[in-house]
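My entries follow in the order I made them.

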Amino acid sequence: MIDHYLNSDTISLFFLEIIETNNRGSVEAAAMSSCENNGNALPQFFFGLRLGSPKFVYSRRMQRSEIACDKPARMLNRNEGFHSVLMVWAALVVSSEQYSVNTSSDNKPFKAYANSTKIVETLLKEYDKRIRPGVKGSPVEVRVDMYVANIWAMQEVKMEFTIDIYLRQYWRDERLAFGHLTSDPLLTLSSNINKQIWVPSTYFLKTKKAYFHDVTTENYLLQIRPNGSIFYSIRLTITTSCTLDLRRFPHDTQLCTLALESYGYQTTDVWYAWNPRDDNTSAIFVNNEVELPQFELVNVEKEAVINKYNIGNHSSLVAMFKMKRRIGYFLIDTYVPSTIIVIISWISFWINPDTAPARVALGITTVLTMTTLISSARASLPKVSYVKAIDWYLLLCLIFVFGSILEYTFIAFMINVKNKSKRKPSVDSEWGDGSKKQEERTELLSLFAPKCSPRRGNALKRVLSQAETDSLGVESKTFPEKTEREKWYFISNPHTIDRCSRIGFPLTFFAFNCIYWLVHGKG
């Protein structure tokens, strides 16, 4: 009997009839109506309660009912108190079922969070980050690949370059396997979890400075797979040294390296290897938008080496960036200006040598300009002991400019010699007049000596002898000038030097440029 009353349809219709007939005071009518509508009353009852019109629902149900039962009604007449308690109990059952349905749907996401939190707490409960994975077995294999986001301009003076990379490391820690706890394929954790688990003590060799990115949050990524495989990614900006060979500057090709290894673990504990990417690309992937102002990235090579120290061997990975310098900037800033200065110095070959101030001013100006250009070109380079390719070019340009000044100096000297030689014919004419004067003195001596006293005749002879001696002195003084004239006799016209320089200087400079660019411009 109790099972019959516990039927949800009967109880709900009974509760509805009590509400409808409470003004008539007839419990029996409620029981009869409940029996008549047994079987399909519960859905309409709930709907009616929500709309606040149970009477309307009841009337619709009464029109379709065709079942009458007298036995339950007679039983209710005999025990009205029991039916009242049963009515209250039915209302509580309906409310509890509705509340349980709503609560289960609202708490479903919270159960997922609770499950993930339980997994993390279980994994880290007895975890000791001081001990590496597989401490008594083979060394941990740490596979590495990197994404090069940017390469900043190289500093030749400091011999360094700056690179922005995403360093990705892969290893397996069986203590973090969670396949037996959940069926989730991946567990992604926040950045601060790396302080609670073991990570390889990776550092970069020859690094001058480096920093992590923390805008807007720390740029870390940590993912764990069910078998304990860990993926750890960090974004770094590193300034590292790069040994430059500038003998062929600015036609040089530089090879800069970025090496990493474990600081605290030797090869017996940690072994580094380049990670073969799933898409068959290189383990070092360079962003296609990387553009260096003075260099062109030719290719990237990688290798794995073992560095030997006093304490033991350490596994290391080396990334080599081969960069070729672009010469366009130096053509505009150095080569073209120096060539123009050399050509300007040749203008003096067409200036009249007699205008000394113009030629001297032009030569000194070009030399000073060339010296300033050399100083500015060397200011951005390290002070190395060897001679660079650009030094050879600028030095030869300075020699050509200085050669134009030497050429005019030689011409000026020749003109001075020529001007002195113009005074020599007057000396020769004076030499011819001396012979005639000698004959006149001899004639005077023959005419007046017999007529004079012996003392006066001797005096006259002394005077004439002194005049002859003076004429001989003139001859001795003019002898060296005659020798000097014969020495420069092969250059009759100093202007010939200018005419030869107009052809010789350009041809020599052109030959020098051909040799220079053939040797250094092969690339």
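**Entry 1: burial terms and a loop residue**

I call a residue buried under 20% relative accessible area, exposed over 50% and partly exposed in between, using a 1.4 Å probe and protein chains only. Val290 has 14% relative accessibility, so I logged Val290 as buried. I found Val290 in the loop between β10 (284-286) and β11 (295-308). Helices (H or I, at least four residues) and strands (E, at least two) are DSSP runs, numbered from the N terminus. I then checked Val290 against Val148: the two are 142 residues apart in sequence, and their C-alpha atoms are 8.5 Å apart in space.

**Entry 2: what I am working with**

This is a predicted model, in which local features need pLDDT of at least 70 and side-chain atom pairs count only at pLDDT 80 or more, while totals for chains, interfaces and linings use all residues. Residues are numbered from 1 along each chain as its sequence is written, and side-chain values use heavy atoms, with hydrogens and water left out.

**Entry 3: disulfide**

How many disulfides does a search of the whole structure find? I got one, taking a disulfide as a pair of cysteine sulfur atoms within 2.5 Å. Cys242 and Cys256 form a disulfide, with 2.0 Å between the sulfur atoms. The pair links distant parts of the chain, 14 residues apart: Cys242 sits in the loop between β7 (229-241) and β8 (253-262), and Cys256 in strand β8. I read the torsion about the S-S bond of Cys242 and Cys256 as about -80°, so the disulfide is left-handed. Cys242 and Cys256 are both buried. I also looked up Cys397, which is buried because its relative accessible area is 0%.

**Entry 4: salt bridges**

My search of the whole structure gave 13 salt bridges. The criterion is a side-chain nitrogen of Lys or Arg within 4 Å of a carboxyl oxygen of Asp or Glu. I wrote up some of them.

Glu156 pairs with Arg325 in a salt bridge, the closest N and O atoms being 2.6 Å apart. This pair links distant parts of the chain, with Glu156 in the loop between β1 (140-151) and β2 (160-172) and Arg325 in strand β12 (residues 313-325), 169 residues apart. Glu156 and Arg325 are both buried.

Arg175 forms a salt bridge with Asp173, and their closest N and O atoms are 3.1 Å apart. Is Arg175 buried or partly exposed? I noted Arg175 as partly exposed, because its relative accessible area is 29%. Asp173 has 0% relative accessibility and therefore counts as buried.

Glu407 forms a salt bridge with Arg359, with the closest N and O atoms 3.1 Å apart. The pair links distant parts of the chain: Glu407 is in helix α11 (residues 389-421) and Arg359 in helix α10 (residues 356-379), 48 residues apart. Glu407 counts as buried because its relative accessibility is 7%. Arg359 is buried too, with a relative accessible area of 3%. Elsewhere, salt bridges that share partners join Glu156, Asp252 and Arg325 into one network.

**Entry 5: annotated spans**

I checked the UniProt record, an unreviewed entry, which lists residues 327-348, 360-381 and 393-415 for "transmembrane region". UniProt positions are given in the numbering used here, feature names are shortened, and annotations may be inferred rather than shown by experiment.

I compared two of these spans with the model. Residues 327-348 are 82% helix and 0% strand, and the end C-alpha atoms are 32 Å apart. Residues 393-415 are 100% helix and 0% strand, with the end C-alpha atoms 34 Å apart.

I also looked at Asp391, which is found in helix α11. Asp391 is buried, since its relative accessible area is 11%. The C-alpha atoms of Asp391 and Ala377 are separated by 8.8 Å, and the two residues are 14 residues apart along the chain.

**Entry 6: cavities**

Rolling a probe the size of a water molecule over the atoms shows where empty space is left. On a 1 Å grid over the protein atoms alone, a cavity is a set of points where a 1.4 Å probe fits but cannot get out, and lining residues have an atom within 4 Å of a point. Grid points are joined across faces, edges and corners, and a volume is the space filled by probe spheres set on the points.

I found three cavities of 30 Å³ or more. The second largest cavity has a volume of about 40 Å³. Which residues line the second largest cavity? I listed Val120, Leu123, Leu124, Leu176, Leu189, Ile193, Ile197 and Ile224. Helix α8 (residues 108-124) gives the largest share of this lining, three residues. By class, the lining has eight nonpolar, no polar and no charged residues. For these classes, Ala, Val, Leu, Ile, Met, Phe, Trp, Tyr, Cys and Pro count as nonpolar, Asp, Glu, Lys and Arg as charged, and the others, Gly among them, as polar.

Conventions:
On a 1 Å grid over the protein atoms alone, a cavity is a set of points where a 1.4 Å probe fits but cannot get out, and a pocket is an open set with protein on both sides within 12 Å along at least five of seven lines; lining residues have an atom within 4 Å of a point.
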